[in-house]
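Reader: I am new to this structure. Please show me how to read its features, one by one.

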Amino acid sequence: MLKNKLINLCKKYWHVFVLVLLSLIPIIWFFGKGDAIINGVDTNFPLNPKLWLIRRFYMWNNLSNGGSDFSFAPAGIFFHLVQFVPYIIGLSLQMVEKTSLVFWFATIVVSSYIFSKNLFKAQLTRILFVCLYSLNIYMFNSWENVKVSNLSLVAGVPLLLHIFMGLYLDSMSKSKASVLLVFTSLILSGAGINPAYFITALLTFIIFAISFAIVDNNIKKVSKILTFIIGIIFAISSYWIFPTISFVLRSVTQNSSITSIGFNNWIDSLSANTSILNIMRLQGAWDWYTFDSVSKLPIYLPYVVNYFYRFPFLIFSFIVPSLALISLVYIDKKKLRFYIPFAIMLMLGIFLGSGTHEPTGIIFKWLAEHLPYFSLFRSPWYIFTLFVTLSMAGLIALLIEKHNNSIYIKFIAWILIVGNLFYSYPLITGKIFRPNSSNGFFVNFPDYLFDSANYLENLNSGRIITYPDDQLEKYKWGYTGVEPVVSLFIDKEVLFSGINNTGTEINQIIQLLYENIRKDRFSSVFNLANKLNATIILEKKDQHTLSPELSGSFDRLKKVNFEKWNIYFLNEKTISLPKIFLANNFYYRFSGDNNDYAVKALSILGIDQHLLNSKDNVTSKIFPNKIPAGKIIVSNNSQKDNYNKHQKLPNITLNRITAQNMTEVKFTFSIDEDGYYLPIIENYDLSENLTKIDVVHNSIDESWPVQKITDSHIFFNKIYLSKGLHEVVYDTSSNLIKFENFEGQINYKKTHQNDKAELTITENNGNKQLSILNRGDIDVSADFELEDFDFNNPYFIQLDYEWSHGNMSTVYVYQQRSENLIKTQTENLPSYLDRTNFNFYYEPVKTESKMTISLAAPFINNSLGTRVAYDNLRVYKLFMNDLFFISEPSVIDDNSQQPKVNLTSSTPVKHTGQVTKVTGPNVLVFAENYSPDWKLEVTDLNGSKIRFVEEHFTIDSYSNAWFIDTGGIDYRFEIIYFPQRHFILGVAISTFTIFTIILSLFKIWLQK
């Protein structure tokens, strides 16, 4: 009896058992992984979920590289709330992650099942729909990187459609729909991190609604339901929609590229393999097609070889789209209202998901250029393939449902379910996380990371400079990420080499800081760190890197060690430099249009000296009319200018055959006012005992006596400069190759020498040259290893050559570290019979290494072989030092008489304090990235508003500054990030909406 009841129970509820098993798939991923956490690259599972949740309530992220707008943050509140709840009750980090992953997997499975109940009567058909929708190749990348936008989109769309159909078929009351819309809005909120995903969710819903209206000729009812659903979703989602819309309107013009808000525009690269066939087979992800050129094996995803070459996988990849197309042929007219939206979505998914891939790519490009804000859809495959998965799952299930009475069709349905489970094995087994790969995402974080994080969290310090300076942090214990790993632990502001926003001024300052660290120029390091409000260098010796280790000079600093991590303090005290302070000594920068030169001026200025932009219209009203300001003139360096220009030129012969004189550097600059100026030159690769330098200034020989030398700069005595253009010529280093003209000692190493190769010194018109004849079957070369190679500087290589016959002459530049080849640059010389000059630049990889220049005669398959002659090999290290001229302000105030700043409270979006001992106008500096959305409010100490003209400008190339004239009155200030108010308004509307829904339900309950 009991046995029969169990059997009947299983028959009745077998689908529940299947749904539960599917929902628990993430548990399988951790089998045999110990305490490892899935983390890395784009995943970024927080190691302190509480801190990550709190960050989402602020519209400014102050933690990364001077801060940035964070208006998309509220969209992630619910996602991180799911992590916060198990964390706060004391579960381990792995259990927190498991809970979060199971929640989202279960939400996708259950929501798709709930939606399927509106379409299909048979449980088998519903389970088939759930399997095809929840387990497919499109979801591989979504789960691999735990992409919040993708998961929210896939989980929320079925719920949205279910609510629509319930209201349309009158099977759901508005009160019940309202409750479900609250949950659905929270699920969909994660899609708002990228507004394009949320728009796609609404578009899916609208396509369904319009199709129903057309088929049933019931536009009025559909319009009411659309208004109701969209109205409630927008009201509940106001807490993230308001700040997001505000940000888009403020930061993105209608037809501007996504790059205008700091994101890389990678539509073309993501569309490289999104052909119509690949889209229909759900195989459009870029990383599927990244193979090693030598081994021909996939670089990132080992399992893709099965999908490309294994017969069962190939067959199944065609079966699914074929059945979807067949379903459109054998339509069940009773369910026409479902076929139409699925057909439309399939067509749109294929077209839009293809992105810029031909043949439809030209249309997508046109839309990106002309349709307002269409550039937000920068990842077409990841955004629009939802249309394909939803429509194909629906169409196939409709086909099976139509013939569900046939035992053969039921058998086919089970074959599809089981086949799809095998086909999606990387998702089920966790292979998508590359468990056996060096690039795998299962990470065990060492204990010393947590120890160092706790130590740093408790310090009252400024920003942390991370080192090494790699854009991608890759650790020996497994973690790889685009942002510093310390950001997973603590709420400390960090400076690092970011992948995004590489063109910003603060990024250029950070790169200059790293350059000075590598070059051991301490005074410049301190000056730049001070401007960046940085007090700590965090050295990570467990990171895979080519960057050199910190030099022994850093041992002079106070250091705290946590095994592989070292914490260096840039000052004796751990108290941070003030983020908000009053500045009193100012210098205009004059540097032409070259921003690279502009930030260099910061390395000279000390703790109480600050840089102004001479092209800023706001500062021109203030300085020097109301407040004195000096000048820093940054001259143009001819060798640096030529190098930078050459980097942008096309790689054509004409740019490489003009001889250049590299034995001198010309500094050019303009003076706008006669006066005495202090010359300063960067101290790098110059004599330590330098007492003077000889230059040619405007064609006149001059000698500049040295006044002072630091490890970063050399200061000379003041000189008088007249108004107008100036040119200073300075002789630089000579050729680094000895006997380059082969007139003396032979100074090269023969490579691949054989009995069919001849390397000889011959004469040509009285000049000796190196002649190479190669009749062998491998390249033959003469190699010159550079002595005292400096990886911090670019090099210029120039030579004469004469080609006789055979393969074209080739010059190789090798950079090696131990036995490992780091970089090879190949220069193919044009096959000119006459003696010709050829030159090029070489930018070394910045790591300890050696450099070799190889003059080669490549092999060719004929009896004559290759003959080429080389002469006058010249190698110069570019003189990249900058030359500055400073004129001091006419008046420098005494710091002891300056007003004092007392910061009373601080959050990422609001900083309050007061200024006392005010005697006149002053400049308040706020060391965060400049944004016009930072607003200053000033009152007297009694709280009455002080009226004055607010002058907001950039100082020190990135910070915010305000000129404040209160008439000598002490004052209180509030620095507020204005977009925070959009979030507060949105929260109020969301809260009111949810409260109204709850109140309505309570009223209905009372009536019943």
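Author: Two strands pair if DSSP finds at least two bridges between them. Strands (E, at least two residues) and helices (H or I, at least four) are DSSP runs, numbered from the N terminus. This is a predicted model, in which local features need pLDDT of at least 70, side-chain atom pairs count only at pLDDT 80 or more, and totals for chains, interfaces and linings use all residues. Residues are numbered from 1 along each chain as its sequence is written, and side-chain values use heavy atoms, with hydrogens and water left out.

Reader: How many bridges join E19 and E23?

Author: Strand E19 and strand E23 (residues 724-731) pair in the antiparallel sense over 2 bridges. Val 696 has Val 729 as its bridge partner in E23. E19 also pairs with strand E20 (residues 700-709), antiparallel, over 6 bridges. There, Lys 692 is partnered by Pro 705. The hairpin of E19 and E20 has 2 residues between the strands, and Asn 698 takes a positive phi near 50 degrees.

Reader: What is a nonpolar core?

Author: It is a set of buried Ala, Val, Leu, Ile, Met, Phe, Trp, Tyr and Cys residues joined through side-chain atoms within 4.5 Å. Buried means under 20% relative accessible area, exposed over 50%, partly exposed in between (1.4 Å probe, protein chains only). The largest such core here has 158 residues, and Trp 29 and Trp 288 are among those with the most contacts inside it. Helix H19 (residues 380-402) gives the most to this core, 16 residues.

Reader: Where is another core?

Author: Apart from the largest one lies a core of 69 residues, including Val 486 and Phe 522.
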